[in-house]
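This briefing is meant to be read with the sequence and the 3D view side by side. Please keep both open while you work through the topics below.

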Amino acid sequence: MGLRGIVKWGPSDPRGEAPPLPGEIWREGVACVGRDRAPSQGGKERQGRASGRLRKGPVMVPLGGKNGLALPMKEGPRQSWPSDGGSRSALSLEEAAKQENGINGISNGGFYKRPFHESFEQAPMYVNVLTFVGFAVGTLFGYLRDFLRGCGLQKCVFAIEREEQKDFVPLYQDFENFFTRNLYVRIRDNWNRPICSVPGPQFDLMERISDDYNWTFRFTGRTIKNVINMGSYNYLGFAETEPSAIKTVGTVLSKYGTGVCSTRQEMGNLDKHVELENLVARFLGVEAAMAFGMGFATNSMNIPALVGKGCLILSDELSHTSLVLGARLSGATIRVFKHNNTQSLEKLLKEAVIHGQPRSRRAWKKILILVEGIYSMEGSIVRLPEIVALKKKYKAYIYLDEAHSIGAVGPTGRGVVEYFGMNPDDVDVLMGTFTKSFGAAGGYIAGRKELVDYVRTHSHSAAYATSMCPPVAEQIIRAMKCVMGLDGTTQGLQRVQRLAENTKYFRRRLHELGFIIYGNEDSPVVPLLVYIPGKIGAFARRMLAKNIGVVVVGFPATPITESRARFCVSASHTREMLDKVLNALDDLGDFLNLKYSQHSRSSRPDLYDETSFELED
Ligand SMILES: Cc1ncc(COP(=O)(O)O)c(C=O)c1O
């Protein structure tokens with residue numbers, strides 16, 4: 001693991017000049033703080049941050065002649081390489097953006113038309129040392145326990161190898177298994193807590209206890225009432241039970257029932273689906289949209305419909321599992337770029353264009369860039385203007401997953417495209433889910449009509465999965481209409497604004513209290529770094545004792561040394577609720593010594609920029 005300085009400048013600083021302080025004006029009236037995020041593929045394939053080194057992809061051979069298929073919605077049917085090859089790659093991103101601006105009239109010039117503050121402060125050295133010591137001690141005790149279990153001195157509750165297979169290579173043994181058995185289980189009571197109410201700003205939890213050190217749990221029959229919910233993705237507060245708010249959902253339920261019992265391509269195509277899809281397209285400002293019953297399947301089943309063998313997927317290293325699964329199922333070659341790092345992406349694009357496919361030297365049929373609007377573990381916002389400029393420069397396609405950003409950012413909740421003031425046509429495939437901001441379920445694919453028609457006929461989700469249940473479709477319709485003001489009120493817009501205010505307030509106060517928090521200042525996903533493994537359990541238990549429900553996250557969802565609590569701010573949180581949480585955090589931060597930030601104590605943090613990185617052999 002690389003130990004980092006306090007703030008790293010994002011590799012997007014093209015000039016290598018001394019970066020400004022946070023809040024300083026830089027380049028066309030824009031302030032920018034970035035970082036070079038440590039790669040983590042399941043926590044295992046991390047690369048050193050300090051060195052900024054990148055794992056080299058498979059060696060590719062020079063470009064071949066054959067072009068392949070393009071995504072269906074694009075004119076110019078093939079993924080072709082720039083005819084002037086290397087010389088085009090010498091174009092700066094800004095030049096490329098300017099060229100494109102001339103074409104579509106949308107200004108990405110200077111990339112950011114708005115301030116873009118993103119902070120990923122590094123922990124002080126002693127915290128890193130203590131984190132490693134914590135894991136080392138836990139691991140030693142883990143080996144001791146395994147030894148005692150092997151000798152029969154301690155009872156085994158987990159899966160063990162069968163006696164008749166004892167000469168086989170162990171089936172259930174690997175590091176993650178060891179980790180789960182010996183470290184995770186000790187604090188397991190902080191996960192999978194059953195809730196028994198709507199996940200609004202406050203919720204009720206079912207109390208449970210363990211009689212065997214967290215291997216199993218039993219309910220006590222008591223309910224922990226009115227816990228402040230800082231964990232659900234209820235960004236706009238549409239997860240609600242207020243009868244007047246969900247009246248139309250009730251009406252649709254009594255008219256259509258609950259299930260559709262067929263797929264969209266067979267007998268499961270209802271007027272409610274068409275109404276929803278037209279509304280989604282209008283909301284996003286695109287030609288068409290298709291809705292699916294499950295957000296996860298929207299990614300995992302549609303990516304294989306768009307790309308396949310001979311295509312190249314360039315994925316952010318922190319892409320959600322549904323994107324990763326979709327990419328793997330597609331059979332396309334996958335290469336991973338450093339999180340939100342446009343230099344790393346450009347390097348891969350350049351290599352792909354110059355060398356083509358391995359062995360055959362043919363041109364890649366298509367190149368698809370997978371990114372998310374807001375990254376749910378980091379709270380970072382995709383550098384969309386730069387990535388769009390890159391995709392235009394190298395004639396690749398972009399697939400943008402707005403699961404966490406749709407409804408949650410942008411002046412009217414239209415997601416990151418609106419947040420950056422960009423044109424939705426700049427993104428080839430717009431994907432999002434209805435599970436978060438809209439308090440419902442399902443996902444969508446949106447963009448040009450050709451794209452959506454193609455997905456309608458080719459997606460496994462459309463052909464084989466039962467379509468969305470009508471009351472869920474109605475919940476999305478009513479929430480979306482509210483955000484768009486089509487219900488005749490400004491209530492939806494107020495929710496979007498309240499979320500933005502709550503986010504700014506919560507982040508600012510945490511920063512002032514001295515915590516290390518990650519991500520973009522406009523992101524309602526707020527990770528608070530806890531680092532030391534022993535503190536994860538203590539943090540969540542003590543917060544719950546104060547009637548505050550939090551999500552804590554550790555390996556393998558984060559790098560092993562970056563355990564954190566992840567707060568999700570909602571428009572439905574009142575200022576009193578947020579203050580109660582902040583006061584509790586203030587006390588707990590002192591008690592557990594969690595206030596690691598050096599920013600709040602320093603008017604000028606140490607900055608250094610990293611404008612290049614090397615490939616690792
Ligand atoms: C980025 C991203 N994409 C897709 C999904 C899957 O969506 P759903 O939970 O609606 O199935 C999630 C879920 O959290 C997500 O974070």
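How many bridges join strand β6 to β16? Two bridges join β6 (residues 218-229) to β16, and these strands run parallel. The model is predicted, so local features need pLDDT of at least 70 and side-chain atom pairs count only at pLDDT 80 or more, while totals for chains, interfaces and linings use all residues. Residues are numbered from 1 along each chain as its sequence is written, and side-chain values use heavy atoms, with hydrogens and water left out.

**The open sheet**

- Helices (H or I, at least four residues) and strands (E, at least two) are DSSP runs that are numbered from the N terminus, and two strands pair if DSSP finds at least two bridges between them.
- Three strands make up an open sheet with mixed pairing, and their order is β5-β6-β16.
- Because β5 (202-209) and β16 (548-549) stand at the edges with a single partner strand each, one side of each is left without a neighbour in the sheet.
- N229 has G549 as its bridge partner in β16.

**The ligand and its surroundings**

- A polar backbone atom of F296 is 2.7 Å from an oxygen atom of the ligand, a polar side-chain atom of T435 lies 2.6 Å from an oxygen atom of the ligand, and an N or O atom in the side chain of K436 is 2.9 Å from an oxygen atom of the ligand.
- Of the 380 Å² of accessible area that the ligand has on its own, the protein covers 86%; accessible areas come from the Shrake-Rupley method with a 1.4 Å probe, and for residues only the protein chains shown count as cover.

**Salt bridges**

- Side chains of opposite charge can pair when their charged atoms come close.
- A search of the whole structure finds 27 salt bridges, each being a side-chain nitrogen of Lys or Arg within 4 Å of a carboxyl oxygen of Asp or Glu.
- K481 forms a salt bridge with E275, with the closest N and O atoms 3.7 Å apart; this pair links distant parts of the chain, since K481 is in helix α14 (residues 470-484) and E275 is in helix α6 (residues 271-284), 206 residues apart.
- K481 and E275 also belong to a network of salt bridges that links them with K272 and E474.
- K504 and D522 form a salt bridge in which the closest N and O atoms are 2.6 Å apart; K504 is in helix α15 (residues 491-513), whereas D522 is in the loop between β14 (519-520) and β15 (525-531), 18 residues apart.
- K504 counts as partly exposed at 40% relative accessibility, but D522 counts as buried at 12%, where buried means under 20% relative accessible area, exposed over 50%, and partly exposed in between (1.4 Å probe, protein chains only).

**A nonpolar surface patch**

- M125, V129, V133, V137, L140, F141, L144 and F147 make a nonpolar surface patch of about 780 Å².
- Patches are made of residues with over 30% relative accessible area and no salt bridge, where like charges are joined within 9 Å and nonpolar side chains (Val, Leu, Ile, Met, Phe, Trp, Tyr) within 5 Å.
- V137, which lies in helix α3 (residues 125-150), is partly exposed with a relative accessible area of 41%.

**Backbone angles**

- Most residues other than glycine have a negative phi, and most peptide bonds are trans.
- N214 is not a glycine, although its phi is positive at about 75 degrees; N214 is placed in the loop between β5 and β6, and is buried with a relative accessible area of 10%.
- R361, also a residue other than glycine, has a positive phi near 65 degrees; R361 is placed in the loop between α9 (342-355) and β10 (367-372), and counts as partly exposed at 40% relative accessibility.

Note on methods
Polar contact = N/O pair within 3.5 Å; in protein donor to acceptor, adjacent residues only side chain to side chain.
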